[in-house]
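Look at the structure below.

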Amino acid sequence: MSLLKVTIDGKTIEVEPGKTILQAARQIGPDVAPPAMCYYTKLKTSGGYCRTCLVKVTKGSEKDPRPMPKLVASCRTTVMDGMEVQNYSSDEVVEARKGVVEFLLINHPLDCPICDQAGECHLQDLSYENGRSKSRYEFKRRTFEKIDIGEKIQLHMTRCILCYRCVKVADQLTPGRVHGVINRGEVAEISTYIQNAVDNEFSGNMIDVCPVGALTDKTFRFKSRVWFLKPVDAHRDCDQCSGKAVVWKYGNEIYRVTGRKDQWGEVDEWICNTCRFEKKSPSDWVEEGPRKINRHSVIAQNHYGSKTRFVASPESLPQKQLS
Amino acid sequence: MAEVIQGTRAFNPSTRAGIKFSDEALKTIEALMKRYPEGKHKSALLPVLHVAQAESDGWLSPEVMDYVAELMKLQSIEVYEVASFYSMYNLKPVGKCVLEVCRTSSCWTRGAEDVIDYIGKKLNIREGETSPDGMFTLKTVECLGACGGAPMLQCGAEYHENLTEAKIDSLIERYRSEGRRKSYTDLDYQNTK
Amino acid sequence: MGRKLLLTHDHVEGIQGYTAYRANGGYRSVEKALKKMTPDEVVEEVKKSGLRGRGGAGFPTGMKWSFLAKPDGVPRYLVCNADESEPGTFKDRYLMERIPHILIEGMITSSYALGANTSYIYIRGEYFYVARILENAIAEAYANGWLGKNILGTGYNLDLYVQVGGGAYICGEETALLESLEGKRGNPRIKPPFPAVAGLYGCPTVVNNVETIAAVVPIVNDGGDEYAKIGIGRSTGTKLISASGNINKPGVYEIELGVPVEEFIFSDEYCGGIANGKRMKACVPGGSSVPILPDYLVCKTAAGEDRLMTYESLSDGGFVSGSMLGSGGFIVYDEHQCIVRNTWNFSRFYHHESCGQCSPCREGTGWMERVLHRLEKGEGNMSDIDLLVDVAKKIEGNTICPLGDAAAWPVAAAIRHFRHEFEYHVLHPDKIKDPKHGHREPIMPVKPEPVTA
């Protein structure tokens, strides 16, 4: 099958038919790749919701060179031969994306100082890189009734941006989904509706796919800020998953276990809940070496062997606000 | 109202109380599911939820939805997701007679607010409330497609247009004497082939 | 009197029932199509007629039909969109309630043309009593051999069902409708693929509005060319207009496309003028989603030409000085109405009806509503007006489905034409506290000075 030529922000690449603009842009590199908050390569039908990856198609294809009338979601638009796309080089795209970032933030609690996702949060990166410096929203931010979805995963609905990734994990990786999106519009929320635990061997992957701090690891809750920890590639023999993970250590202690994420923040392979939540002893794992975090956020600044390290004790954190 | 927004979710532990629909309703549900191709019976969920609501005092408790899920061989969450999306399914108990007053542009222009005020004062309830005797619930809704007969309200399957105070009086009188709980759809199951 | 094609027999007693409908020429189009025409010939007539989708978008129906994919061994579906929910629009309800058989007849003829053997009418849940009327009509059609197996001995089979919705404006969007018809939340799908390729259950599907389907009946009966003779240019045939608001005779009118707007509003044949002898202040000509027009742009275009009831004339001037025919939901406002309040009302509607799937619409509709509510109460400031314009712009075109546009356009248009009224709300909060302030002190639109070159 012949390859298709696509030009994004002036850089040309040839890709296989069926690839989306986003995938092509990622192949070119981070300079032209649009941000994506809801698309996830490993999850079928993901993408299209958040609108952060909007781009401008200035030439549809060699055959039909007409531009597309509206900005399109690059994650759901497939490449045509001869297509020309503008991402960062289009003021219209940059302005629209600023709008999307502002929309995503107007109801976000901005509780980063007490959020476990801080430091590896895609919304932090997104707003830093693509947002405006000040919100113009002056109304009360949305709140939700707190619900308990089980003993391993913490749900903070106020932080959710409704990317649907966790729902797709539950649909595609686990039998008998018990959580989903309920209600409509602005008050739509991730929920189990009734008291119910999200509990099966692969449910923990919901944490890894969550782009924000809406789903976090209860076994790691308030243990440390991620940038104080040392990510190490490690594996173990597991009869349920590949056993390939990253263990996050302070000294010799394992604080948490996650999947291995690529430069776009997507996991290479799903891991099971036993590996994620139960195996916290160094003897459980065979270490392979330091994990390079190829992201722009604060954890990328982690320096192995740095002298200034600090681990917060749970007592020092403002738990009252969080109960 | 616009200032504070909060998800309105009935949050109860599931108990799966002994719920059972009438034979007629069950027959209807079976017939509804057969309207769709093999394996696509989930399509019947919306109409089935109307039947379920009619069988359950006009609202869908989590237990009723679990029962629907069982009947249709769906996950309960699939039913919750759908029921909470559409505005006609009540997820909390309602009165025996739900007065749904349209408040969108044409009705609003022709006195919808006065209608809401009038009913509210007459029944001594506010929007969204149920009268203490459990008889009337006053709800405001968005455009019901009767703009030419504005102002209007819907109760069950009935449309009442060109409302005046006198019309509202007699309507409430009639509903009170009927003790109306025909449920929203005023279902007549035979018709569902 | 203009010609009528859909409401021809509206006045006939018992026309709701099969006997009267049949006696007045009903089901002729089915006989003609099934016995004398190939499916492609029917499609060809619809193409020739120039019929455009009557639900709002105005896309040529024949072209939409010809896009339908026809892979071997895969069923095709025709779905009728009877989820009429656009504020100001109630023509489909009128038609289905009064002459249900014309829709059933149109569904049979159209399904034949498209090669569908199972078709659905998706009707909004609130129209439950209308669904009953349709079900009765379908039962009559089965009983008389117009539905079921081997219709008229031609070997063509068709089953037709009515599906009631659950209350959601968004299900009027065709892919949300299909989701809903599959028993799911009414979240619009991301396109492509379009329904013509992958629609209901992933099969090729055509979704058409009630009035569009009904119009197929006269088109097949009289021929596409005959239909195309009515109207002007690319606006052919007749159109049902739902007229409401402050007019003397609200109701549904069938017009020949091309009637002057002035005649439509002021003649006794149609709306009969503004109620209570007041002045017209503004008009929304195509349902709540289309831009509002100030009095001086309703009957005349910016260039001073007569505005006509056609797709082209109503959009003359683009969004600067024009609007759209949309679904034909014609709402007229008199001098006492407050545009800020009305814009807030529309905004509240879209906020309520946003499905919540994509971020600009989920977050932006609520934001606009709150700012408008603040302005309406006299608690806003001048910068709110430009903020609204900017938020509307950030939503428009950036959402999965057209609901974002539908929410943004009315706000942008109201500010474009009535900015002084928004400013008045900021400057005189004491005077607008009473919701009926417009009755004491009407604020009329201000016509901009003509720009001389």
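Two strands count as paired if DSSP finds at least two bridges between them. Keep that cut-off in mind for this predicted model.

Start in chain B. Strand β1(B) covers residues 97–102, and strand β3(B) covers residues 153–155. The two run antiparallel, and 2 bridges join them. They count as a pair because the rule asks for at least two bridges.

In chain B, 4 strands form an open sheet, with mixed pairing. Their order is β2-β1-β3-β4. The edge strands are β2(B), residues 136–141, and β4(B), residues 158–160. Each edge strand pairs on one side only. Neighbouring strands of the sheet are turned against each other by 25 degrees on average, direction ignored.

A helix packs on this sheet. Helix α6 of chain B, residues 112–123, touches β1, β2 and β3 of chain B. The direction of α6(B) makes about 155 degrees with that of β1(B).

Turn to chain A. Chain A holds 6 helices and 13 strands. Its C-alpha atoms fill a box of roughly 60 × 50 × 45 Å along the principal axes. Is that chain compact or extended in its radius of gyration? A compact globule of 323 residues would have a radius near 20 Å; chain A has 20 Å, so the value agrees with a compact globule.

Of its 323 residues, 46% count as buried. Take the contacts in chain A between residues at least 6 apart in sequence: 65% of them join residues at least 24 apart.

Technical notes:
Residues are numbered from 1 along each chain as its sequence is written. Chains are lettered from A and ligands numbered from 1 in the order in which they are written. This is a predicted model: local features need pLDDT of at least 70, side-chain atom pairs count only at pLDDT 80 or more; totals for chains, interfaces and linings use all residues. The radius of gyration is taken over C-alpha atoms; the globule rule is 2.2 Å times the number of residues to the power 0.38. A residue is buried if 20 or more other C-beta atoms lie within 10 Å of its own, exposed if 12 or fewer, and partly exposed in between; C-beta atoms are placed from the backbone. Two residues are in contact if their C-beta atoms, placed from the backbone, lie within 7 Å. Axes are lines fitted to C-alpha atoms, for helices over the stretch in contact, and angles run from 0 to 180 degrees between N-to-C directions.
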